[in-house]
Amino acid sequence: MTNTPNSPATVVISYGRQILIETAEGDLLRALARGRKLQVVCGDRVNWQTQKDGTHVIESIEPRHGLLMRHDVRLGKRLLAANVDRLLVVLAAEPAPDLSLLDCYLVAAESLGIEAALVFNKVDLLDGQTRTRIEANLKPYTELNYPLYWTSASSKAGIAPINAALGGHCGVLVGQSGVGKSSLINALVPDHAPRTQTLSVAAGTGRHTTTATRLYHLPDHSGQVIDSPGVRDFRIWAMPAQEFMHGFREFREYLGLCKFNNCLHISEPECPIRDAVADGRIDQRRYDSYCRLLEQVTQAPSH
């Protein structure tokens, strides 16, 4: 026997079968998924019921968008978060930006229909010459209309524009280890530390505090940000070659114009994309990144 179904709730912590939901009234409740096939992740909107014994059970998941995932050697795809509509790729001078990884994130965002932006953190540590060099390296991305935010989590410089970009949206910060993602979340969520403790106690994650994916509300509930440890070792999942190449914005105006319908733009003759690379209309480094990633993506297991 169950009680009357409740209004949909949001999953704010997901760690295995340890799930914490937030009701429309703001209450935090531990919940269990109905059966092992119901794969619930942070950010999901779920329908739930309270059992006669007081247990809260997730019965179904509302339709999703922006289902962020990554390649997993064992599983093929591992779901990280749901209903994401902003992907913020965090960079810094140290460690040096891995632009191939950046391209990987951007292709993932394009494939999932998620708006992507670049966030260059620790800007207070840059001298003028270094900033000029970095701006030149990132110019191919700004020319593709990817927003670029310059921030310092320590001084709070540039935090307001990111807050504005996340207004009314749910975002995830991704990037290399050491670029300051956690510091940025601390700056975006002023009550981050007590909120983390509250969520951890409510969810019963205990020693798994640092490995659970969490959703935080920005001030005044203007937006949300998900902190997911799963993005630290991000690898793009398997996808068809046509979908992958569409993830490179600069390719799109040339797709379908090649001599061969199945052109991969690697060595085939009469390829407008290769011609565009040769005369500088497509950035050579971005094209080289495409060539390296194409083999990984099309050969990765998809199960």
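How much accessible surface does the protein have, and what share of it belongs to carbon and sulfur atoms? I looked that up before anything else. The accessible surface comes to about 14,500 Å². Carbon and sulfur atoms account for 50% of it. I note here that the model is predicted.

**Entry: overall make-up**

I counted the secondary structure next. The protein has 8 helices and 13 strands. Of its 303 residues, 51% count as buried. I then looked at contacts between residues at least 6 apart in sequence. Among these, 63% join residues at least 24 apart.

**Entry: nonpolar cores**

I wanted the nonpolar cores. In general, nonpolar side chains in soluble globular proteins tend to be buried together. Here the largest core has 87 residues. Ile 236 and Phe 244 have the most contacts inside that core. Helix 1, residues 99-112, supplies the largest share of this core, with 10 residues.

Ile 236 is then in contact with His 71, Cys 104, Val 107, Ala 108 and Val 297. I also found a second, separate core of 11 residues. Among its members are Ile 19, Leu 29, Val 40 and Val 46.

**Entry: helix 1**

Is helix 1 mostly covered or mostly uncovered? Mostly covered: 13 of its 14 residues are buried. At 1.5 Å a residue, helix 1 should span 20 Å. Its end C-alpha atoms are 20 Å apart, so the two values agree.

I looked at both ends. At the start, a side-chain oxygen of Asp 98 comes to within 3.2 Å of the backbone nitrogen of Ser 100. Just after the helix, Gly 113 has a positive phi of about 75°.

**Entry: salt bridges**

I searched the whole structure for salt bridges and got 11.

Asp 103 has 0% relative accessibility, so Asp 103 counts as buried. Arg 285 has 26%, so Arg 285 counts as partly exposed.

Arg 252 and Glu 110 form another pair, with their closest N and O atoms 2.7 Å apart. This bridge also links distant parts of the chain. Arg 252 sits in the loop between helix 6 (241-246) and helix 7 (272-278). Glu 110 is in helix 1, and the two residues are 142 apart. Arg 252 is partly exposed, with a relative accessible area of 30%.

Arg 281 has 46% relative accessibility and counts as partly exposed. Asp 279 is partly exposed as well, at 49%.

Which residues are joined by salt bridges that share partners? I found Asp 103, Glu 250, Arg 285 and Arg 286 in one network.

**Entry: recap**

Key:
Residues numbered from 1 in each chain as written. Predicted model: local features only at pLDDT ≥ 70, side-chain atom pairs only at ≥ 80, totals over all residues. Heavy atoms only, no water. Core = buried A, V, L, I, M, F, W, Y, C linked by side-chain atoms within 4.5 Å. Buried < 20%, exposed > 50% of the residue type's maximum accessible area, 1.4 Å probe, protein only. Helix = DSSP H or I, 4+ residues; strand = E, 2+ residues; numbered from the N terminus. Contact = heavy atoms within 4.5 Å. Salt bridge = Lys/Arg side-chain N within 4 Å of Asp/Glu carboxyl O. Areas by Shrake-Rupley, 256 points an atom, 1.4 Å probe, with all protein chains shown as cover. Expected span 1.5 Å × (residues − 1). Polar contact = N/O pair within 3.5 Å; in protein donor to acceptor, adjacent residues only side chain to side chain. Lists of a residue's contacts leave out its neighbours within four places in sequence.
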